[in-house]
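Hi everyone, thanks for coming. Have the sequence and the 3D view ready, and let's walk through a few spots together.

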Amino acid sequence: MRGQNGSAMMAAVLLLMLFGVLLLRGLEQVYELRMQGVGIEIRRIRAATQAHSALSWALTQRWQAQPAWQCLAAQGGGVACVRTLDSGLLLLGQDDEGLLRFWRRASLSAGRIMFNPRGWSDFCPLADTAQCAP
């Protein structure tokens, strides 16, 4: 009878260990999925920072008044583009990978680019989307 009690105890311990291993494996998978999400979020934050930085950097550059897109690689990463429209200027800031683009309307005053108030846009404000690609 003593041998049977030891076997039952051993089986219970092994079963408990099996459940623990399965639980740890499940937690590992959840952790890996969360870390992928964190990586994606970091990449998007970096892209947004580069795009906004490129827009600000565009203010410091000298641009020619042209109806065609003019683009320059921004100093801190990203790309800044400018296009002359009838109503002023349209600036585009995008990250190096092209994940995010931010648009901003501006005007030219005394040779300097000035952002228009409420000129932000997350999408191209032009009616013809074919003209949105630099």
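Gln94 touches Gln50, Ala51, Ala54, Gly78, Val79, Leu100 and Arg101, leaving aside residues up to four places away in sequence; contact here means heavy atoms within 4.5 Å. Quick note: this is a predicted model, where local features need pLDDT of at least 70, side-chain atom pairs count only at pLDDT 80 or more, and totals for chains, interfaces and linings use all residues. Residues are numbered from 1 along each chain as its sequence is written, and side-chain values use heavy atoms, with hydrogens and water left out.

So, is Gln94 buried or exposed? Gln94 is buried, at 14% relative accessible area (buried is under 20%, exposed over 50%, partly exposed in between, with a 1.4 Å probe and protein chains only). You'll find Gln94 in strand S3, residues 88-94; strands are DSSP runs of E, at least two residues, numbered from the N terminus. Its side chain also makes a polar contact with the side chain of Arg101, at 2.7 Å. That term means a pair of N or O atoms within 3.5 Å, where within protein one must be able to donate a hydrogen and the other to accept it, and residues adjacent in sequence count only if both atoms are side-chain atoms.

Next, the hairpin. Strands S4 (residues 101-109) and S5 (residues 112-121) run antiparallel, joined by 6 bridges; pairing takes at least two bridges found by DSSP. Arg104 sits opposite Trp120 in S5. With 2 residues between the strands, Ala110 takes a positive phi near 55°.

Technical notes
Helices (H or I, at least four residues) and strands (E, at least two) are DSSP runs, numbered from the N terminus.
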